Amino acid sequence: MPALAPSSRFESERLTGEGFVLRPWRPSDLDSLLRHANDADVVRGLSSRFPHPYTREDGERFLSGAVVDLDDPVFAIEVDGHACGGIGARPGDAERGHCAELGYWLGKSLWGRGLMTRVVATYAPWAMQRLALFRLQATVLGFNEASARVLLKNGFIEEGVARCALVKNGEPRDVRVFARVRRSLCDAP
Ligand SMILES: CC(C)(COP(=O)(O)OP(=O)(O)OC[C@H]1O[C@@H](n2cnc3c(N)ncnc32)[C@H](O)[C@@H]1OP(=O)(O)O)[C@@H](O)C(=O)NCCC(=O)NCCS
């Protein structure tokens, strides 16, 4: 069993939608996490912080908070009682503290059912309100049309391309930049 994650300020959050629950990760999610995360097709569009193969040790490190800051709202996507994917928003620092980077993934067996569209529809407005965000941003690799569709269907606007924004498999890669914004924290997120 991995070390207990440091307690998060979002520990008691639980967001529900059609066919899923979003809630903080737990040490007991390890087997389910490994089952869904150890898949080259899942990793293809994600940061190298999400390795392949995805080992038990990788899962333990993630669940202990050693990979991403679990004090941010980093949630498991629970379907039928199992953690089958994840979604999170990482706020920037200082003057970028009202902007956060959105990331998400889902086990391949659940793709193509509209699930992530519904998850983002629940999570994005919640995160913008809870974190007092003016801007929620997501970046998408060129091949990842499914992810772009999820964002566009949730009110994210495509703003352009950040060239050579990251290195994937040793090659500099462009990313498409999407964001959902509001000019006032009083506006609906
Ligand atoms: C991207 C991802 C989250 C999508 O999840 P999902 O639950 O399958 O998405 P949905 O079913 O809600 O919506 C997918 C949309 O993309 C479309 N789509 C899927 N594959 C596509 C393709 N190859 N080309 C064009 N559109 C595609 C679907 O038709 C659907 O759009 P529609 O409702 O307008 O028809 C999932 O594929 C995944 O986890 N991928 C690996 C991790 C990843 O890439 N994360 C995003 C990083 S930016």
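A residue counts as buried if 20 or more other C-beta atoms lie within 10 Å of its own. Keep in mind that this is a predicted model.

Q: What makes strand β3 largely enclosed by the rest of the structure?
A: Hold its residues, 74–79, against that cut-off. Six of the six come out buried, so β3 is largely enclosed.

Q: How do you know that both faces of β3 are covered?
A: In a regular strand, side chains alternate between the two faces of the sheet. Here Val74, Ala76 and Glu78 sit on one side, with Phe75, Ile77 and Val79 on the other, and all are buried.

Q: Why is β3 said to pair with β2 and with β4?
A: Pairing takes at least two bridges between the strands. Strand β2 (residues 20–24) and β3 have four, in the antiparallel sense, and leucine 22 has isoleucine 77 as its bridge partner in β3. Six bridges join β3 to β4 (residues 82–91), also antiparallel, with glutamate 78 partnered by alanine 83 in β4. So both count as pairs.

Q: What lies between the strands in the hairpin of β3 and β4?
A: Two residues, and aspartate 80 takes a positive phi near 50° in that hairpin.

Q: How many helices and strands does the chain have, and why is it called as compact as a globular protein of its length?
A: It has five helices and eight strands. Its radius of gyration is 16 Å, close to the 16 Å the globule rule gives for 189 residues, so the chain is as compact as a globular protein of that length.

Definitions and conventions
Residues numbered from 1 in each chain as written. Predicted model: local features only at pLDDT ≥ 70, side-chain atom pairs only at ≥ 80, totals over all residues. Rg over C-alpha atoms; globule rule 2.2 N^0.38 Å. Buried ≥ 20, exposed ≤ 12 C-beta atoms within 10 Å, placed from the backbone.
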